[in-house]
Amino acid sequence: MEKKLLILSLFFSVLSFSQSKVPVYLDDSQPMEVRIEDALSRMKLEEKVDMVHAQSKFSSRGVPRLGIPENWMTDGPHGIRAEVLWDEWNQAGWTNDSCMAFPALTCLAATWNPEMAALYGRSIGEEARYRNKNVLLGPGINIYRTPLNGRNFEYMGEDPYLASRMVVPYVQGVQKNGVAACVKHYALNNQEVDRHTVNVTVDDRALYEIYLPAFKAAVTEGKAWAIMGAYNRYKGQWACQNEYLLNNILRNEWNFDGVVISDWGGVNNTKEAIYHGLDMEFGTWTDGLAENKSDAYSQYYLAKPFLKLLKSGEVSEEEINKKVRNILRLAFRTTMNRNRPFGSFGTAEHGLAARQIAEEGIVLLKNAAPSNSPKGEKPILPLNMNTAKKILVVGENAIKSMTIGGGSSSLKAKYEISPLEGIKRKAGNVKVEYARGYVGEKNAKQDGLAAADITDNRSPEELLTEACSMAKDADYVIFIGGLNKHDGQDCEGNDRKGLGLPYGQDRVISELAKVTKNLIVIIVSGNAVAMPWVNSVPAIVETWYLGSEAGNALAAVLTGEVNPSGKLPFSFPVKLTDIGAHALGDYPGKDKEETYRESIFVGYRWIEKNKIKPLFPFGHGLSYTQFTYGKAVTSSKSITKNELLTITIPIKNTGKLAGKEVVQLYVGDEKSSLPRPLKELKHFIKIELQPNESKNVTFDISVDDLKFFDDQKHEWIAESGKFKIYIGSSSADIRTVVDFELK
Ligand code: BGC
């Protein structure tokens with residue numbers, strides 16, 4: 001019936017075109033599907049094939065004869081990548097492409113604030129639009145399964161609910177600009193080691209409960225216009241040409257009507273790419289990801305080989321039509337949408353947005369009074385700039401550029417305020433000195449871009465001696481270290497070798513702790529790190545990679561101008577084997593096969609099931625003020641499947657400073673037919689309270705919050721019985737619990 005209507009309306013549209021002379025596909029008063037069919041009907045087979053594969057490193061052809069524009073992609077996800085040469089990763093040497101570097105997505109997730117995700121999406125979308133890109137290759141939302149994954153910094157943590165709530169506003173914000181968000185990497189790309197070959201075996205419960213929800217939310221709620229297939233395999237098929245992931249789940253279960261774009265070099269044969277739901281092939285025969293060939297783009301799996309199959313009749317034209325329809329839909333939503341805004345680039349507003357997100361994402365992990373101070377002494381942070389005379393900053397990450405490097409998310413930033421620079425700017429009359437402390441690596445170089453030289457050839461002993469002697473008379477010593485964007489750390493293409501800090505930093509921290517009680521450790525990373533010195537330092541801050549405004553945001557938090565409110569989006573384990581993938585020895589797989597035997601027990605779900613004490617739990621993050629939680633009250637003792645349960649909790653700021661708190665709600669199923677985690681995050685809200693102010697926070701629990709995925713029935717079910725609701729300030733700091741029953 002629908003088809004008949006479409007044909008009829010197409011007929012009338014064509015008729016009206018012959019009178020009005022405006023081609024139907026260019027007439028935006030016509031329904032989009034009618035315009036798509038009209039454009040398709042005018043295209044030659046060769047023109048269709050031209051559209052489904054790349055024509056350069058980051059672009060694909062439009063239909064020049066019909067005025068249908070090219071598609072231009074850009075990384076993603078933390079800023080707009082600089083222009084590269086047509087066929088190479090190297091910079092094209094433009095002078096107008098220095099972008100605003102936004103904080104890494106781990107930082108965004110750590111804000112636990114969907115409004116920050118909306119701001120991020122809108123701002124980066126404006127930058128993409130200004131640069132005439134119609135597809136932003138991001139955000140990344142693969143689940144944090146192991147702290148070794150070199151790309152965790154580009155993702156949103158270990159919890160599917162948190163990632164879902166954060167990805168939706170990001171996608172919507174980007175797309176308001178007429179730029180498609182391309183969520184990546186769908187799916188099960190949870191490590192970089194063997195990323196092109198590993199075949200993941202995962203049970204359906206873990207797939208549906210842990211690895212898919214953020215993608216599903218991006219597609220069904222965020223209405224993402226594009227999605228990128230991952231490099232790895234699942235059920236023996238590459239994710240970019242995967243019948244289960246693309247046809248069955250993405251298209252059939254979620255009704256995705258956007259484009260499926262391959263990861264760069266992620267296509268591996270023609271037939272599967274034709275039949276299993278991929279629309280556009282990128283990056284295959286160009287240097288860097290596979291081999292180089294002359295006439296590269298027409299050698300793509302979806303280029304000449306596809307055309308040959310179509311011409312011989314072995315593959316029906318409907319197969320290419322399906323793909324071209326999706327690509328035309330992308331064009332009508334982006335490049336051919338006459339009403340889209342014009343965007344803006346590298347503006348002061350974007351700098352402010354980057355700074356605000358950075359400030360909200362920084363996590364205060366620990367804040368105690370210096371050891372041996374009298375009882376009741378205040379915690380060491382915020383810094384008291386009225387009494388301090390000298391601050392010593394130690395460590396390579398205080399001066400290192402973190403926007404260049406890390407792989408495809410590397411940026412040519414308009415500016416980048418280093419932590420040292422940020423602290424100096426806020427210091428006023430306080431003297432700020434710097435000691436290197438240790439030498440890791442030179443500033444990362446990527447794609448022909450490099451930051452200032454920070455080479456230091458002194459020996460570790462010399463550096464340590466210098467730092468310790470300068471620390472003695474400092475009022476505060478701020479150690480700034482962590483990881484960086486070099487290969488083997490937080491960087492695409494490889495994983496870390498272990499949980500520990502590199503370059504002997506543990507020793508430097510421990511030695512500094514011996515000469516000063518006033519040591520503050522700042523970790524710059526996108527991953528959890530081990531902290532053998534945790535008990536010998538009074539304060540620890542996790543800052544993530546903060547982009548252009550890094551130093552300003554950090555200094556604002558250290559000095560108390562901003563009260564920290566970030567919460568961890570993943571657990572910090574004491575040791576690797578506190579994480580399922582490592583405890584069971586599955587990571588990184590054997591002979592390119594990896595089974596996720598921990599199943600749904602990822603992150604805190606594993607930690608709680610096995611009664612492990614983490615270094616810092618999921619959801620943890622301190623403030624300079626205190627919040628007290630009153631007793632949670634429910635609207636009823638029980639609900640039926642169609643009713644909502646309302647929970648109200650009074651929260652009060654009992655400290656002396658205004659601050660923000662993330663109130664977290666976890667649900668636990670007391671008894672179920674299948675194993676379930678002790679509890680799972682199902683709601684959260686970030687609220688702001690003035691000193692002494694109280695607010696009642698309410699959450700509505702529906703039956704959906706109680707469900708698990710029954711892999712036998714292939715559906716989400718809620719079993720009647722008793723449930724517990726845990727409300728608290730982190731997964732391990734539960735302040736009030738209520739019981740209720742589902743009838
Ligand atoms: C990465 C993608 C990226 C693409 C283009 C690939 O290597 O996996 O995330 O968008 O390159 O740079």
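How many positive and how many negative side chains does the protein have, and how far apart do the centres of the two sets lie? The protein has 90 positive and 91 negative side chains, and 3 Å separates the centres of the two sets. In this count Lys and Arg are taken as positive and Asp and Glu as negative, while His and the chain ends are not counted; the place of a charge is NZ of Lys, CZ of Arg, CG of Asp or CD of Glu.

The structure is a predicted model, in which local features need pLDDT of at least 70 and side-chain atom pairs count only at pLDDT 80 or more, whereas totals for chains, interfaces and linings use all residues. Residues are numbered from 1 along each chain as its sequence is written, and side-chain values use heavy atoms, with hydrogens and water left out.

The secondary structure comprises 19 helices and 29 strands, defined as DSSP runs numbered from the N terminus (helices, H or I, at least four residues; strands, E, at least two). For 743 residues, a compact globule would have a radius of gyration near 27 Å, and the value of 27 Å found for the protein agrees with this. The radius is taken over C-alpha atoms, and the globule rule is 2.2 Å times the number of residues to the power 0.38. Along the principal axes, the C-alpha atoms fill a box of roughly 85 × 65 × 55 Å.

Of the 743 residues, 63% count as buried; buried denotes under 20% relative accessible area, exposed over 50%, and partly exposed the range in between (1.4 Å probe, protein chains only). The protein exposes about 27500 Å², of which carbon and sulfur atoms supply 51%. These areas come from the Shrake-Rupley method with a 1.4 Å probe, and for residues only the protein chains shown count as cover. Among contacts (heavy atoms within 4.5 Å) with a separation of 6 or more, 75% are accounted for by residues 24 or more positions apart.

The protein is divided into domain 1 (349-568) and domain 2 (625-742), with bounds that come from an automatic or database domain assignment. The C-alpha centres of the two domains lie 35 Å apart. Four residues of domain 1 are in contact with 10 residues of domain 2.

Leu-689 is placed in strand β24 (residues 680-689) and is buried, with a relative accessible area of 0%. Beyond its neighbours within four places in sequence, Leu-689 is in contact with residues including Phe-627, Ile-651, Leu-657, Ala-658 and Lys-695. Leu-657 is 32 residues from Leu-689 in sequence, and their C-alpha atoms are 8.8 Å apart. Ser-729, in strand β28 (residues 721-730), is likewise buried, at a relative accessible area of 8%. With neighbours within four places in sequence set aside, the contacts of Ser-729 are Lys-567, Gly-619, Tyr-629, Glu-661, Val-662, Gln-664 and Arg-735.

Two loop residues from another part of the chain were also considered. Val-267 occupies the loop between β9 (259-261) and α10 (270-275) and is buried, its relative accessible area being 2%. Residues up to four places away in sequence aside, Val-267 touches Gln-241, Ser-262, Ala-273, Leu-278, Glu-281, Thr-284 and Tyr-301. A C-alpha separation of 18 Å is found between Val-267 and Val-324, 57 residues apart along the chain. Glu-314 lies in the loop between α11 (304-312) and α12 (317-333). Apart from neighbours within four places in sequence, Glu-314 is in contact with Lys-271, Tyr-275 and Leu-309. Between the C-alpha atoms of Glu-314 and Ser-673, 359 residues apart along the chain, the separation is 49 Å.

Several backbone features were also identified. A cis peptide bond joins Lys-184 to His-185, with omega about -5°; His-185 belongs to strand β4 (residues 180-186). The bond from Leu-381 to Pro-382 is also cis, with omega near 0°, and Pro-382 is located in the loop between β10 (363-367) and β11 (390-394).

Positive phi values in residues other than glycine occur at Asn-132, where phi is near 60°, and at Asp-591, where phi is near 50°. Asn-132 is found in the loop between α5 (114-130) and β3 (135-137) and is exposed, with a relative accessible area of 52%. Asp-591 lies in the loop between α18 (580-583) and β18 (593-595) and is exposed as well, with a relative accessible area of 71%.
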